[in-house]
Amino acid sequence: MHRTAEQYAGARIKRARKIRRLTQRELADLSHVSYSTVTKVEQGVMPASPSVIGALARAMSIPVTDLTGQPYVEELQADDLDKLIQPIRDALDVYDLGPDPDVTPRPLEEVRQDAEAMCVAVRAGDLKKAAGGLPSLICEATTLAHTDGSDRAWRALASTYRTAYDVTTKLGYVDLCTVALDRMDWAAHRGSDPVTSAIRQYMRSLVHLRASQYGIGRRLVRLGLSTLEQAVPGRERDVVTGQLHLGAAVLTARSQDGDSADGHLAEAQRIAGRTGEAVKMHWLAFGPTNVGVHKVSTLSEQDRYEEAVQEARGLTVPGDWPKSRTSHHLAEVARAQLWMGDTDGSFASLQEARRTAPQQTKYHPLVRETFAGLESAKRRMPGTFANYGSWLGM
């Protein structure tokens, strides 16, 4: 049974507005979102963009997740993913207890290889595999770091915390992903690793991007760039620097500062010309392809949907690119296509996102909002559309 009418962001916005005892006009004035947009979003005529959701959440002093509906608990329960969250939460909480007497860690190189394999699983879109194996690996890496004490051991632990951030973010547990980032920074400092500390600032800026706190996000990017000055010059530092500029491009685009977004994209493109494709360098997928993907994203964030779709058409994503990044890109393209009135193309992009990384796609708020927008468009959709909605739990 479809529950789209209850689950799209517009319905949640309407409920939250009434709880706050605001009229649509008052909410529009407080949020600086047009009255027309507020009414159309609430009615489901217009899908809510991330920037609109963020502005309305700020105006009502509520978390963005209250309007996106994350985490999608019923779907997580149906997929047996919810029961994997508490063990991750528990593993993150033993960071300062020293070695666990009940844990005998394997040699450092084996733990490092498993930590790397976890990163690979997330980028392949296999969230269940990563979430299932992560708690025991965190506990083992924690004991190893405390007993071994080397920089390499602490960096291996930091890597497991990064994967905890990736998994919990993709499943919608915002509170837990911020804990994972704090642990990542704690371990990176003990491992004397400015590069990992800078990556942590990049990821932290994305948390604030999703919360529509763009000013804080931009400050974190600047802090990350400053931290990188302590790193050894070379390709590794260039790659992380370029990725920070890509993060800044999206932050500035969503805050409607197009000139700054273009500047950050240009700098990232310049660096990518020097590094080439560096997909496996800290698994940031940095390179010319990621610059192109972020250009599509920044155009879409500025409501320049026609340009975004055109840019996407001219972009070739390599077949061996991380499935998690490809799936996210397809979700953004689907949103732009919907705004252009291309419902068939939009649904085709959603289907491709599902084929590429099904677990991530299912829990992606942009996918769910775009699907709701397609349904409310009341165009004739193929029979597979209803099946897709059942798969999403909508």
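## Salt bridges and helix packing in a predicted model

Arg106, Glu110, Asp114 and Glu140 are joined in a network of salt bridges. A salt bridge here is a side-chain nitrogen of Lys or Arg within 4 Å of a carboxyl oxygen of Asp or Glu. The whole structure holds 20 salt bridges.

This is a predicted model, in which local features need pLDDT of at least 70, side-chain atom pairs count only at pLDDT 80 or more, and totals for chains, interfaces and linings use all residues. Residues are numbered from 1 along each chain as its sequence is written, and side-chain values use heavy atoms, with hydrogens and water left out.

### Salt bridges between helices

Side chains of opposite charge can pair when their charged atoms come close.

| Salt bridge | N to O distance |
|---|---|
| Arginine 200 and aspartate 182 | 2.9 Å |
| Aspartate 185 and arginine 200 | 3.6 Å |
| Arginine 274 and aspartate 238 | 3.0 Å |

Helices are DSSP runs of H or I with at least four residues, numbered from the N terminus. The side chain of arginine 200 forms a salt bridge with that of aspartate 182. Arginine 200 sits in helix α13 and aspartate 182 in helix α12 (residues 174-190), so the pair links distant parts of the chain, 18 residues apart. Arginine 200 also pairs with aspartate 185. Aspartate 185 belongs to helix α12 and arginine 200 to helix α13, so this bridge ties together parts that are 15 residues apart in sequence.

How accessible are these side chains' residues? Buried means under 20% relative accessible area, exposed means over 50%, and partly exposed lies in between, with a 1.4 Å probe and protein chains only. Arginine 200 is buried, at 6% relative accessibility. Aspartate 185 and arginine 200 are both buried. Aspartate 182 is partly exposed, at 41%.

The side chains of arginine 274 and aspartate 238 meet in another salt bridge. Arginine 274 is in helix α16 (residues 258-275) and aspartate 238 in helix α15 (residues 235-254), so the pair ties together parts that are 36 residues apart in sequence. Arginine 274 is partly exposed, with a relative accessible area of 46%. Aspartate 238 is buried, at 18%.

### Helix packing

Two packed helices are described by the angle between their axes and the distance between the axes. Axes are lines fitted to C-alpha atoms, for helices over the stretch in contact, and angles run from 0 to 180 degrees between N-to-C directions. Angles under 35 degrees count as roughly parallel, over 145 as roughly antiparallel, 65 to 115 as roughly perpendicular and the rest as oblique.

Helix α17 (residues 288-301) packs on helix α19 (residues 323-339) at an angle of about 30 degrees, with axes 10 Å apart. The two are therefore roughly parallel. Contact means heavy atoms within 4.5 Å. On the α17 side, the contacting residues include Asn290, Val293 and His294. Those of α19 include Arg325, His329 and Glu332. The residues of this contact divide into four nonpolar, five polar and four charged. In this scheme Ala, Val, Leu, Ile, Met, Phe, Trp, Tyr, Cys and Pro are nonpolar, Asp, Glu, Lys and Arg are charged, and the others, Gly among them, are polar.

The axes of helix α3 (residues 24-31) and α5 come within 8 Å and cross at roughly 100 degrees. α3 and α5 are therefore roughly perpendicular to each other. Leu27, Leu30 and Ser31 in α3 meet Ala55, Leu56, Ala59 and Met60 in α5.

### Buried residues in helices

Glycine 54 lies in helix α5 (residues 50-60). Glycine 54 is buried, with a relative accessible area of 0%. Setting aside residues up to four places away in sequence, glycine 54 touches Val64 and Ser212. Proline 101 is 47 residues from glycine 54 along the chain, and their C-alpha atoms are separated by 46 Å.

Threonine 196 lies in helix α13 (residues 194-210). Threonine 196 is buried, at 10%. Beyond neighbours within four places in sequence, threonine 196 contacts Ala158, Met184 and Ala188.

Glutamate 75 is in helix α7 (residues 73-78). Glutamate 75 is buried, at 6%. Glutamate 75 and methionine 394 are 319 residues apart in sequence and 9.6 Å apart in space, C-alpha to C-alpha.
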